[in-house]
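Please consult the sequence and the structure shown below while reading.

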Amino acid sequence: MEAIVVLAHTEADGALARPAREALGAAKSLHETLEGSTLIVGLVGGDVTAATEAIGGYGADRVLVVEGAEFSSSRYATDALAAEAICREAGATVILATGTSRWARTLPGVAHRLGGRMDTHATDLSAVDGAVTIARWYYRQRMEATFRRTHRPWIILVDPGCVAPWEGAAGTTSLQRLPVEPPASCLRTTATGLQAPADDAQTIRPDADLLFVAGAGWTKAQPDGKAHVADAAALILDFLRKSQSSLGGSKSLVDLSGEGQAVLPFMTHLNQIGQTGATPRHPKGLATCCHGEEPHAVGWRFIGERRAVNLDPNCGWARGKADVLYVADAFAVMAKVNALLGGGGSA
Ligand SMILES: Cc1cc2nc3c(=O)[nH]c(=O)nc-3n(C[C@H](O)[C@H](O)[C@H](O)COP(=O)(O)OP(=O)(O)OC[C@H]3O[C@@H](n4cnc5c(N)ncnc54)[C@H](O)[C@@H]3O)c2cc1C
């Protein structure tokens, strides 16, 4: 009989963000397919009033809460105390959380304290023959494995964006507060503020419907024999602003930017998609001036629908890596798309 604990932390405004609701969704469907299991929610935060109301209709067997100013922001020492207390109180055998930076750095230590085991980057969870089974990708998303463990407790971090978030009615729920008093040695680290780039400077938008990828072709000599980097930058930024899509880049392009050349100044290594870059999850993706080589295209594993614009009809995308390839000049295509989007719009 599994005691499933789903851990969630609140945000600065007291709400549960989408990743937390994804963990709730994963735990709920696992509970429903795992006969005899119990479902326990563990909430950690400064003030969990709004969060407990939001999960009023969730149907947990128990809701355990560690609340207080010491738990309002991410800090390993206090988060680990809170998670450990919840798991011990619940007699947890399977512990689920989403792989937010907060849980990713806290829960490995909690697994050690509990004498448990932990797996990260799970992309799917199910009950197969009555046993909890998870899926995980290896070798930069080229191979998928499904596996189970007999050791308990078992902590599983689910990658954000892989499962549907729980959506349900708010309401009242009975909860149990756990008295966790962090010693002074756990309070040495304090959060003094939050620094974040301005909204329009942030080009990586994990929740966007579209991933727009720029390749090195934007900086290459065009049919007139010249490079048009300033035009490229203007077209790309205009499209990002109007579509609110997320910006990715090929390794060739981000390397050029990193070498300080007069290329796209807003493109950094954080934008790189691929084997040595990111593996984002968006419903759609559009590659422009990018060849679609395997080390790049492997990062597109979880993009729902892939399209590409390339002058070369024999580019990598044409060989089965894109659903649709437009053999066309990306400068002309994006100028037209931007004109169609007008003053704003969605891609
Ligand atoms: C171990 C290893 C790991 C790697 N990891 C990564 C990785 O994580 N991510 C990654 O991206 N790469 C990675 N690479 C590099 C990868 O193999 C490619 O070299 C790189 O992706 C090529 O980038 P690109 O397509 O932007 O540039 P290019 O290969 O130079 O292609 C530019 C394309 O632009 C097109 N083009 C030019 N002008 C236009 C126009 N006006 N309109 C339309 N199309 C136009 C051209 O036809 C061409 O196809 C890795 C390589 C190795 C060996």
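## Thr279 and its surroundings

Apart from neighbours within four places in sequence, Thr279 is in contact (heavy atoms within 4.5 Å) with Arg140, Gln141, Gly299, Arg301 and Phe302. With Gln141 there is a polar contact of 3.3 Å between the two side chains; a polar contact is a pair of N or O atoms within 3.5 Å, and within protein one must be able to donate a hydrogen and the other to accept it, while residues adjacent in sequence count only if both atoms are side-chain atoms.

Thr279 belongs to the loop between helix H6 (251–258) and strand S12 (284–288). Helices (H or I, at least four residues) and strands (E, at least two) are DSSP runs, numbered from the N terminus.

## Basis of the model

The model is predicted: local features need pLDDT of at least 70 and side-chain atom pairs count only at pLDDT 80 or more, whereas totals for chains, interfaces and linings use all residues. Residues are numbered from 1 along each chain as its sequence is written, and side-chain values use heavy atoms, with hydrogens and water left out.

Helix H1 (residues 18–33) has 16 residues and spans 23 Å from its first C-alpha to its last, close to the expected 22 Å; the expected span is 1.5 Å times one less than the number of residues. Its buried residues include Ala20, Leu24 and His31. Among the elements covering them are strand S1 (3–9) and strand S5 (117–128).

Helix H5 (residues 229–243) has 15 residues and reaches 21 Å, close to the 21 Å expected. Val229, Leu235 and Phe239 are among the buried residues of H5, and their cover includes strand S10 (210–214) and helix H8 (330–341). After H5 comes Gln244, with a positive phi near 55°.

## The ligand

Around the ligand are 28 residues, of which Ala216, Gln222, Ser250, Lys251 and His291 come nearest; a residue is near if one of its heavy atoms lies within 4 Å. An N or O atom in the side chain of Ser250 is 2.4 Å from an oxygen atom of the ligand. A polar side-chain atom of Asp329 lies 3.0 Å from a ligand nitrogen atom.

Methods: Buried < 20%, exposed > 50% of the residue type's maximum accessible area, 1.4 Å probe, protein only.
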